[in-house]
Amino acid sequence: MALLFSLPIFTIAGFVLTPAGEIWQHLLDTVLGEYLRNSALLMLGVAVGTLLIGVGCAWLTSVCVFPGKRLFAWALLLPLAFPAYIIAYTYTGMFDVAGPVQTWIREMTGWKVHDYYFPQVRSIGGAVTMFSLVLYPYVYLMARAAFLEQSVCVLEVSRTLGCSAWASFYRVALPLARPAVVAGLSLALMETLADYGTVAYFGLGVFTTGIFRTWFGLGDSAAAAKLAAILMIFVFTLIVIERWSRRRARYHHPTYRYRELPQYRLRGWRAGLAFTACFLPLLAGFLLPAWQLALWALDTWRDMVDASFLQLALNSLQLALGSALLAAVLALFLAYGKRLLDSKPVDAAIRVVASGYAVPGTVIAVGVIIPLAWFDNRVDALMSSQFGISTGLLLSGSLFAMMFAYMVRFLAVSIQAVESGLLKIRRSMDEAARSLSYRPLEILLRVHLPLMKGTVLTAMLIVFVDVMKELPATLILRPFNFNTLAVRAFELASDERLADSSTAALAIVAVGLLPVILLSLGIGSSRAAS
Amino acid sequence: MSSYIDIENVDAGYDDLQVLSQVSFSLEPGQIGCILGPSGCGKTTVLRVIAGFEAVWAGRILIDRVEVSSESACLVPEKRNVGMVFQDFALFPHLSVEDNVRFGLKGMSSKEQQVRVQEMLAIVGMPAFAQAWPHQLSGGQQQRIALARALAPKPSVLLLDEPFSSMDADLREQLAREVRNILKQENSTAILVTHDQNEAFAMADRICVMNEGVIQQQGSGYELYHEPANRFVADFIGQGVIIPARVENATTVKTDLGRIEGKNPLGVETGSMVDVLIRPDDVVHDDASGESAIVVEKAFRGADFLYYLRMDSGIEVMCLAPSHHDHRINERIGIRLDVDHLVVFPRG
């Protein structure tokens, strides 16, 4: 079962070793260098951007007191609701030559279009900015949690040893939080690598766009798979880094005596600076784009919201809901099986499935379609030769293929949630129920499920939102004429109908807000607990 | 509802680590047995094989003369009709007290369930708590509910895994006596696992002392204390010291404290050197005695003093004296031996 869902990952991994075709050689000669360079630049830029914003805001909101601190603590998570591709269209729309900002500048100064310099949004720098704005919350979340967990003693010791507040931050707090920060950073970088919508829209040559071009433009699935394999090597390096830093994090707790952190009360210009530092990412990462989208949507929604739009919304909703349910059931099955059997092979298989979340949707789509197409062709050949019936494509290009890809990508989320929920239920609960004559399945229904209702619902919510936002795998695998909100928004934006895409985009962002709210509630309650 | 339980030559363990070897014991219907031993001796494993959570490697287990575990077969826990009270009580947090007790009453009409739940809550003395939630109860109350839940389906045998370990020391013996009364009232066969001998003495009819997966001795508390079968039991149960002695004849040994005569033949060669177990209650404080010793340490225990004494030969013994006999450290006091049960171990 777990093996079934790791099939796409293994398929792609297999392509690392297959001999290279002519097209591959061509790719190698022409674009591979560009892909590598662009990917590296993107990662470097996003790393710097998310670190600056994420760590800075985390420190300010966890140990300093300034106006609005409590609000910022959770509001800084809001940009997480924006898929990178949507913020990218929005900013392009705002800042391009015909957009409101440049128009305003021209009106104010009387300059003509070529009289002044204005930075291009659709560039590597722009992409780095977009990614940094929506991905910094990963770093922020992890860093803040680490700062809040830090023992007050070590910070006080550093103050008594003569370190100033700033020096304490650099020499004690930051090194202690480093594993958490690195873990958050690698999550942000994984998302950067997985993105298709933004880089495609900006016309940047990176691996995900390369896979699309090779697949649809050159029609070479083997070369596309090879590109996917290289991308996966990047991703797995990040996974290893993330795991490694998480393991180190365990040793980074010198004492278990936690108290409220020392609160530096900021006044005057310092407070203003802190306020601005926290407000800017929020403004640029959420408020401005949300405002722009809302303005556009107000203009266009009458034309856009019609029967076909509702059909799209329904499609998205059904897909997301179905995937969320399916993922929850499968995760329960796998995690509970692991709890019952306690065997090493099952454990290892579940680990592989769980790594699916880190694998870009493009890679998974390619990994799904290759084995399914093989299966379809085999069945077709068999049926034609035996019964003279051509079955055509049974699975590839069907909703089944899409759901399967979603499961491969998002099952990890629900498994993780269900596993942590199960871990909190002591073994003696199971045994008590068994000694009271209940069979394992009855125990799952009567004891475990009621106890972890909350966790399972959270897991379903996250999968739901992820599927709503998902773009690249849907683009590759969707059946003919089947559209979702995300695909529609992408298509309209690609046709430069930015304002028209805003209604769909706004709907996605609104849905994306749900888990962010949930997360911030969680943060609030953890603070209440401390 | 109360049944015979027979454990026959059971070996068991986890993966390739053997935990139990050749464990055998039996209980009659309504008897309360106890597995007593230090932590890590395998006593909890005994409960787990009886409950069916672990399989046996060899030997067999019978509940009411029916084989439930053997080398080749292991009946699943839910079919054994075994009740269990866990160390952490394992009350279901999402169910009220009433629903917890009702949980195991399958295949009964809801009216019968209601009657049985009320009956059980009355027996454990908590009828007013039916609507309460587990987290609202104190440790002792949770324990009573756990007991009521386990007893409600009338199990063939009730297993209790260190049920008092999370209680205050003063509560333990009182609760142990209460639980014993409830079990006797329900006429339930039960097996208790504990490392605390006072709990074992307060609850059990029959105690198995266990060490390193092997049962060292079975018997009543009185037998284990006064007639320990080996040095481990002598050391683990009660206090005492071991002093050297020479065998004078078939029933008598001579020690530095004087001559001790046993009731039964010792079965040791006359003239050989042996070790003799001297309990604190074997040494009596008597100013008229010719023997004396110096007080090295003393512990006031309310009703009595426990004195640690050093004799002129350098041998140290313990002496239990009534609490009005208050002597200073380094004071010399008269003692004599008053041994009811002579316990002799060959020198090894």
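So, a quick definition to start: I call a residue buried if 20 or more other C-beta atoms, placed from the backbone, lie within 10 Å of its own, exposed if 12 or fewer do, and partly exposed in between. Strands here are DSSP E runs of at least two residues, numbered from the N terminus.

Housekeeping next. This is a predicted model, where local features need pLDDT of at least 70, side-chain atom pairs count only at pLDDT 80 or more, and totals for chains, interfaces and linings use all residues. Residues are numbered from 1 along each chain as its sequence is written, with chains lettered from A and ligands numbered from 1 in the order in which they are written.

Okay, strand 3 of chain B, residues 32-36. Five of its five residues are buried. I32(B), C34(B) and L36(B) point one way, G33(B) and I35(B) the other.

What does strand 3 of chain B pair with? Pairing takes at least two DSSP bridges. Strand 8 of chain B, residues 189-194, runs parallel to strand 3 with five bridges, and I35(B) sits opposite V193(B) there. Strand 9 of chain B, residues 206-211, is also parallel to strand 3, over four bridges; R206(B) is the bridge partner of G33(B).

Zooming out, chain B splits into domain 1 (5-235) and domain 2 (239-346), with bounds from an automatic or database domain assignment. Their C-alpha centres are 38 Å apart. Five residues from domain 1 of chain B and six from domain 2 of chain B make the contact, meaning C-beta atoms, placed from the backbone, within 7 Å.

Last, the chains: 17 residues of chain B contact 14 of chain A. On the chain B side, strand 6 (residues 82-85) gives the largest share, three residues.

Conventions:
Contact = placed C-beta atoms within 7 Å.
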